[in-house]
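Here are my notes for you to read with the structure open beside them. Take the points one at a time and find each residue as you go.

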Amino acid sequence: MLIGGGTVIDEVGERPADVRVGDDGRVAEVAAGLTPRPGEKVHDATGKLVLPGGVDPHTHMQLPVGAVRVSDDFASGTRAAALGGTTTIIDYVTPERGEDPLGAAARWRTLAEPSAIDWGLHLSFTAVVAESVVAAAVEDGITSFKLYLAYPDRLQVDDGTVVALMRAARRQGALVTLHCENGAAIEELRREALAEGRTGVIEHARTRPPLLEAEATSRAAVLAELTGAAIYIVHVSCADALAAIRAARERGVRIQAETCPQYLFLDETRLEGPDAEDFVCTPPLRPTRHAASLWAGLANGWIQTIGTDHCPFTRADRRVGTTGEPGGVRDFTQIPGGLPGVETRLALIWSAVRDGRITAADWVRLCCAAPAQAFGLWPRKGSLAAGADADVVVWDPERRHGLGAGDLDMAVDHSPYEGMVATGWPELVLSRGRVIVRDESFVGDPGWGRYLARSPLSPDGGAPVTGR
Ligand code: MN
């Protein structure tokens with residue numbers, strides 16, 4: 001197939017060029033003025049942008065949370081991802097405390113088989129594990145781990161565990177991702193709020209203040225400095241945490257940061273509205289001024305990636321633990337936290353290109369290239385270089401597409417962006433050379449997606465080793 005006449009945007013830059021996709025599902029060549037070969041299909045991309053498929057480094061498909069479960073499974077979630085221009089996800093294996101991590105990873109691989117796009121896995125640890133477990137996961141292509149500094153009842157690890165696992169990860173060439181909030185302090189604030197009868201949804205934000213995200217981020221950075229581990233802070237939501245990250249980078253800590261669209265486009269006032277439950281995520285939405293800092297961080301390279309933390313729950317499931325009736329008492333601690341997002345990331349961030357906040361090259365770097373680089377998928381994913389997987393998006397910069405639940409394909413009955421209309425949406429999406437989305441219709445198949453064994457970090461601890 002020849003995708004001709006478009007403007008290619010990738011790590012090389014933005015230029016008029018044609019993209020030839022080989023029969024092997026890889027990019028064959030990218031150059032201006034390519035001539036169609038006999039029998040070759042041609043897609044006219046005149047006036048369109050041609051970019052590597054989106055790489056979402058942070059999703060939670062099908063995850064059980066307390067009494068409920070994330071409403072997207074791997075089939076529905078990856079289909080929605082593809083419709084929005086994302087062709088790779090890296091999902092978090094989240095074992096229950098006490099569950100064997102490698103057993104959980106094996107379970108996730110079975111759950112993920114119906115994926116419509118390629119997928120990799122991160123693995124969370126809730127306790128110290130034998131280094132052989134870390135080594136076995138890396139051998140299986142799970143080259144990043146997650147540690148939670150929050151959620152004491154289910155997931156949190158103490159600082160000694162962090163040190164031990166950072167040391168093991170460093171020796172085994174793995175990246176340590178961290179959820180940074182001070183879980184013990186938050187637990188006390190929640191206890192106080194409930195004791196004082198402050199049970200409304202806004203208390204979700206009041207009891208998880210930016211200060212406690214910054215403290216945990218700063219602590220994670222210090223422990224990375226101590227151990228020499230490479231770390232990646234997920235879902236940075238506030239100026240305070242970003243300041244801690246910048247300070248750590250300046251003293252040479254190997255730290256990368258991710259933010260998510262919800263922290264850029266939504267704010268804390270949503271937690272005081274009538275549908276407040278629908279906006280509960282963790283960290284919580286912040287006062288508007290924090291988004292300005294995050295945009296500066298994206299434009300200046302202090303934040304490397306944008307992931308979604310895709311973690312949708314139906315409206316009913318969000319309210320399972322609340323009384324729900326008007327004027328009734330709602331206990332904010334019972335609401336499952338997480339927002340839908342895997343389908344809308346590219347469109348939302350593209351809107352920032354149109355608004356002049358970031359460049360088109362930034363958009364592709366943040367959403368496609370950098371996540372692949374950070375997690376050992378480069379240059380197979382996130383790149384249009386010859387030999388890369390032909391995961392290609394033809395982006396129509398003028399196509400209008402609603403962002404309400406009725407316009408979207410995620411398996412959830414509400415949207416955080418209800419009433420918004422994006423200008424810019426994919427017209428064609430390829431996964432390994434196969435068209436899986438054409439004109440907003442999904443034409444792929446569940447199970448087309450393949451497991452991605454990811455590369456470990458290189459021995460010097462720098463960029464991941466490529467070519468695995
Ligand atoms: Mn998450």
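This is a predicted model: local features need pLDDT of at least 70, side-chain atom pairs count only at pLDDT 80 or more; totals for chains, interfaces and linings use all residues.

1. Is I142 buried or exposed? Its relative accessibility is 3%, and because buried means under 20%, I142 counts as buried. You will find I142 in the loop between helix 3 (131-139) and strand 13 (144-148). Leaving aside neighbours within four places in sequence, I142 is in contact with A105, L121, H122, L123, A137, Y451 and R454. For a sense of scale, the C-alpha atoms of I142 and M1 are separated by 33 Å, and the two residues are 141 apart along the chain.

2. A82 sits in helix 1 (residues 74-83) and counts as buried, at 0% relative accessibility. Which residues does A82 touch, not counting those up to four places away in sequence? They are I117, V429, I436, V437 and F442.

3. Now look for the manganese ion. Its protein donors are H58 (NE2), H60 (NE2) and D309 (OD), which lie 2.1 to 2.2 Å from the ion. Along the chain, these donors follow the spacing H-x1-H-x248-D. Both H58 and H60 are buried.

4. Strand 4 (residues 18-21) runs antiparallel to strand 5, and 4 bridges join the two. V21 stands opposite V27 in strand 5. The two strands form a hairpin with 5 residues between them, and G25 in the turn has a positive phi of about 80 degrees.

5. R208 deserves a close look too. This arginine is in the loop between helix 6 (203-206) and helix 7 (210-227), and at 4% relative accessibility R208 counts as buried. What joins the side chains of R208 and E181? A polar contact of 2.9 Å does. Beyond residues up to four places away in sequence, R208 touches several others, including Y151, R190, T282 and R286.

6. Finally, the salt bridges: the count comes to 34. R191 and E188 meet in one, at 2.9 Å from N to O. These two are 3 residues apart in helix 5 (residues 183-195), which means they are separated by about one helical turn. E188 is partly exposed, at 32% relative accessibility.

7. Compare that pair with R319 and D278, whose closest N and O atoms are 2.9 Å apart in a salt bridge. R319 lies in the loop between helix 11 (315-318) and helix 12 (345-354), and D278 in the loop between helix 9 (261-265) and helix 10 (289-300), so the pair ties together parts that are 41 residues apart in sequence. R319 is buried, with a relative accessible area of 19%, and D278 is buried at 4%.

Key. Residues are numbered from 1 along each chain as its sequence is written. Side-chain values use heavy atoms; hydrogens and water are left out. Helices (H or I, at least four residues) and strands (E, at least two) are DSSP runs, numbered from the N terminus. Buried means under 20% relative accessible area, exposed over 50%, partly exposed in between (1.4 Å probe, protein chains only). A polar contact is a pair of N or O atoms within 3.5 Å; within protein, one must be able to donate a hydrogen and the other to accept it, and residues adjacent in sequence count only if both atoms are side-chain atoms. Contact means heavy atoms within 4.5 Å. Donors are N, O and S atoms within 2.8 Å of the metal (3.2 Å for Na, K and Ca); water is not among the atoms, so sites may look incomplete. Two strands pair if DSSP finds at least two bridges between them. A salt bridge is a side-chain nitrogen of Lys or Arg within 4 Å of a carboxyl oxygen of Asp or Glu.
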